[in-house]
Amino acid sequence: MTDVLLSLSGLTKAYPGVVANSDVSFDIRPGEVHALLGENGAGKSTLVKTIYGLVRPDAGQMTLRGAAFAPSEPRAARAAGVAMVFQHFSLFDALDVAENIALGMENPPPMRDLAARIRDVSERYGLPLDPSRVVGDLSAGERQRVEIIRCLLQDPKLLIMDEPTSVLTPQEVDILFATLRKLQAEGTAILYISHKLEEIRALCQHATILRLGKVVGTCDPRETSARDMAEMMVGTVLQVPSREAAVAGEVVLALTGLTAPPPRQFGTALCDITVEVRKGEVLGIGGVAGNGQDELLLALSGEMRVGSEMVRLKGQPIGHLPPNARRSRGLLAAPEERMGHAAAPDMSLTENAVLTGVVREDLSDRGFLRWAKARTFAESVIAKFDVRTPGPGSTARSLSGGNLQKFVIGREIMQRPEVLVVNQPTWGVDASAAAFIRQALLDLAEAGAAVIVVSQDLDELMEISDRFAALNGGRLSPPRPAQGLTVEEIGLMLGGAHDMEVAHVDA
Amino acid sequence: MDLSAISPVLLLAALMVAATPILLAAIGELVVERAGVLNLGVEGMMITGAICGFITAVATGSPMLGFVGAALGGAALSLLFGVLTQYLLSNQVATGLALTLFGIGLASLLGQGYVGVRAPSVPKLDIPVLSDLPWLGPILFRHDIIVYLGLAIVAAVWWFLRHSRGGLVLRAVGENHEAAHALGYHVTRVRMAAIAFGGACAGLGGAYLSLVRVPQWTEGVTAGAGWIALAIVVFASWRPGRLVVGAFLFGGITVLQLNLQAARVQIPVEVLSMSPYIVTIVALVALSARKGRGSAAPGSLGQSFHAAR
């Protein structure tokens with residue numbers, strides 16, 4: 001454990017306007033799991049891309065097993081024994097598992113041998129996978145197995161994992177950890193990036209913490225509390241959202257047997273979703289990505305029309321209505337993808353405010369827009385939700401992820417919804433902005449609105465939900481009170497092992 | 001009306017000749033689109049190939065050198081499109097349309113002195129034994145070499161896309177260019193190669209019109225064949241096998257309706273003239289309507305790629 005596998009010294013990379021990495025140095029030893037911690041924008045991704053040969057540093061050196069290491073492209077890094085499991089962007093939906101794996105290898109064997117080797121490795125590490133399946137049809141957990149097996153087939157010395165557990169159920173996380181420990185025992189070093197501090201405490205022996213591109217600390221995660229690590233990442237003391245115990249009121253939104261075919265290829269069909277949401281309540285909907293979250297949001301926002309009786313707002317059937325008609329009745333929604341779905345990237349914040357606010361904020365007059373009023377509305381969202389921007393004339397694209405998310409959530413909350421549906425409200429948002437958004441959602445519920453939060457972040461759901469339900473393969477489990485749910489119970493709900501049939505009889 | 005004047009053997013033989021230019025242009029565009037690039041300039045590249053091939057053939061007296069010149073001309077024009085869209089990141093739809101307009105203008109400029117000139121004729125292959133077979137001989141084995149070249153290119157493209165490493169990389173680039181880049185493949189380089197191949201194929205298709213089918217230079221000689229090739233690629237769901245079906249169907253109905261017109265069938269000429277388009281579209285829509293893998297467009301089709309370094 002004393003010899004160093006990979007040593008980084010003084011790595012610096014600047015992009016126009018931002019310094020992504022500034023003088024970053026640390027060492028990784030064989031057989032250790034090394035955590036890389038930091039908020040979004042702290043420079044973790046740039047750093048691992050540098051190691052993988054996708055980004056060339058402006059200054060600084062790396063040495064791998066004592067020899068200078070400066071991969072000019074991923075091929076060179078792979079040849080040197082560095083493999084990487086990506087968070088996004090590295091699988092091809094229309095190709096099958098074996099083809100996807102062949103693309104990540106330097107010298108893939110002929111397809112028939114490759115299929116045999118895939119079966120072999122997948123059995124050895126307990127990651128079952130059929131080489132002939134099309135990747136677009138796989139679950140998130142299975143997709144990740146494809147990526148991991150792609151790396152394992154190359155016998156890596158260093159495995160880089162970029163937020164591998166963000167899309168997994170707790171049971172799948174256990175399987176992954178077992179695989180990683182096995183690799184570690186075989187002497188493979190693992191560089192592990194995650195936001196989930198408890199996982200890091202369970203898995204890693206070293207942690208390097210980045211803030212604004214600089215190394216701000218190192219620690220042994222087994223002996224440091226999650227709260228201390230979080231505060232090192234953020235640099236300030238964290239505010240935990242708080243709320244009064246809610247008294248649920250009357251039912252405002254009722255879904256009855258909501259069923260819909262998938263709106264696009266590789267989408268998920270919604271299947272017989274029945275649930276009621278009451279005034280002043282936060283309903284948390286968890287689930288692994290790709291189990292119908294996007295489709296449920298489309299069905300609720302009105303982007304996807306369904307049978308009119310399937311969605312009822314205050315007793316009125318609205319399933320057939322388009323988004324603006326639903327907005328005027330008090331049902332608002334904020335989708336997951338903020339750039340391009342919740343907001344038009346190249347339009348100003350004022351224009352973006354008009355796009356969803358025109359009905360409820362009365363921003364048009366006989367077909368003409370009331371720009372002065374729209375600007376005032378946008379300014380009020382900016383002021384109330386602490387959006388850091390020069391003004392309402394800035395384009396949505398120019399805002400950072402957290403600031404834009406505060407804007408798109410704030411825009412809906414400022415329209416005083418009776419029901420607000422949000423999908424992944426704090427995805428890719430730094431901890432302080434996330435806490436702010438959660439608090440705003442809780443305040444909205446306290447003021448009497450019903451809030452549905454769809455999220456893959458279980459900690460977030462446990463923090464703010466009154467009741468919790470899980471989406472699995474387009475079906476929704478019966479909601480259960482969030483208080484007192486254990487991780488195991490949630491895992492079983494996410495895995496689909498809920499008693500659906502019994503629930504139907506009761507209903 | 002005299003349907004007995006239509007000989008099925010001659011009809012089928014003519015079908016292969018009529019389908020060849022569209023088949024050539026379409027197989028090139030299929031490769032381009034599988035790499036994720038939408039080049040709407042097929043018509044312009046075809047007609048540029050037609051005149052480049054014609055000029056080369058007249059100047060050298062060799063029709064085979066003419067086809068080489070046509071492929072080079074088509075590829076050169078397509079590289080203009082490639083530089084604009086892949087390096088300067090211009091919009092692919094607008095650039096492709098502009099390429100068509102530019103190609104048509106360029107071809108008529110280059111062709112100024114060639115109107116009415118006769119091109120050296122392309123020899124028909126006379127394969128011993130095979131071409132003497134009854135029925136099959138005239139239908140399959142008495143064509144010029146380009147007909148067989150076209151089919152050989154389709155077969156080669158099918159094999160390349162299905163079984164070779166390079167084909168897998170090309171499909172990966174077209175399916176998800178971000179992922180292909182993350183794995184270290186050169187998205188722009190692959191696409192430029194595909195674009196040049198598409199241009200060369202379109203050039204060959206154009207020259208087949210000006211050197212074999214017509215065979216002389218007239219302005220607008222391609223008469224929309226490039227647009228048909230584009231449509232066939234889409235309706236064939238980007239698969240080489242279906243592409244052959246589409247091109248032969250279109251070629252066949254074209255020949256048949258010309259024969260029917262000559263036989264004075266009691267159907268309005270306008271209806272006969274539009275029939276190849278309608279039948280081809282209906283047949284390929286029916287083929288691609290079946291759900292399943294491979295019927296979808298490449299995931300990154302028509303999107304510009306810019307790597308952040």
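Modeller: Strands (E, at least two residues) and helices (H or I, at least four) are DSSP runs numbered from the N terminus. The model is predicted: local features need pLDDT of at least 70, side-chain atom pairs count only at pLDDT 80 or more, and totals for chains, interfaces and linings use all residues. Residues are numbered from 1 along each chain as its sequence is written, while chains are lettered from A and ligands numbered from 1 in the order in which they are written.

Colleague: Which residue stands opposite Val422(A) in β20(A)?

Modeller: Strands pair if DSSP finds at least two bridges between them. Five bridges join β19(A) to the parallel strand β20 (residues 450–454) of chain A. In β20(A), the residue opposite Val422(A) is Val453(A).

Colleague: Through which helix does the chain cross from β19(A) to β20(A)?

Modeller: This β-α-β crossover is right-handed; that is, with the strands pointing away from the viewer, the path from the first strand over the helix to the second runs clockwise. The helix crossed, residues 431–446 of chain A, is α14.

Colleague: Which residue stands opposite Val421(A) in β19(A)?

Modeller: Strand β16 (residues 331–334) of chain A runs parallel to β19(A), and four bridges join them. Opposite Val421(A) stands Ala333(A).

Colleague: How many Å separate the centres of domain 1 and domain 2 of chain A?

Modeller: The domain assignment, automatic or from a database, gives domain 1 (6–234) and domain 2 (251–506). Their contact takes 17 residues from domain 1 and 17 residues from domain 2, where contact requires C-beta atoms, placed from the backbone, within 7 Å. Taken over C-alpha atoms, the separation of the centres is 32 Å.

Colleague: Which helix gives the most to the side of domain 1 of chain A that touches domain 2 of chain A?

Modeller: Helices α5 (140–152), α6 (170–185) and α8 (226–234) of chain A each supply at least two residues to that side. The one that gives the most, with three residues, is α8(A).

Colleague: How many residues of chain A are in contact with chain B?

Modeller: On the side of chain B that touches chain A, α7(B) gives the most, with five residues. Chain B brings 15 residues to this contact, and the number from chain A is 20.

Conventions
Two residues are in contact if their C-beta atoms, placed from the backbone, lie within 7 Å.
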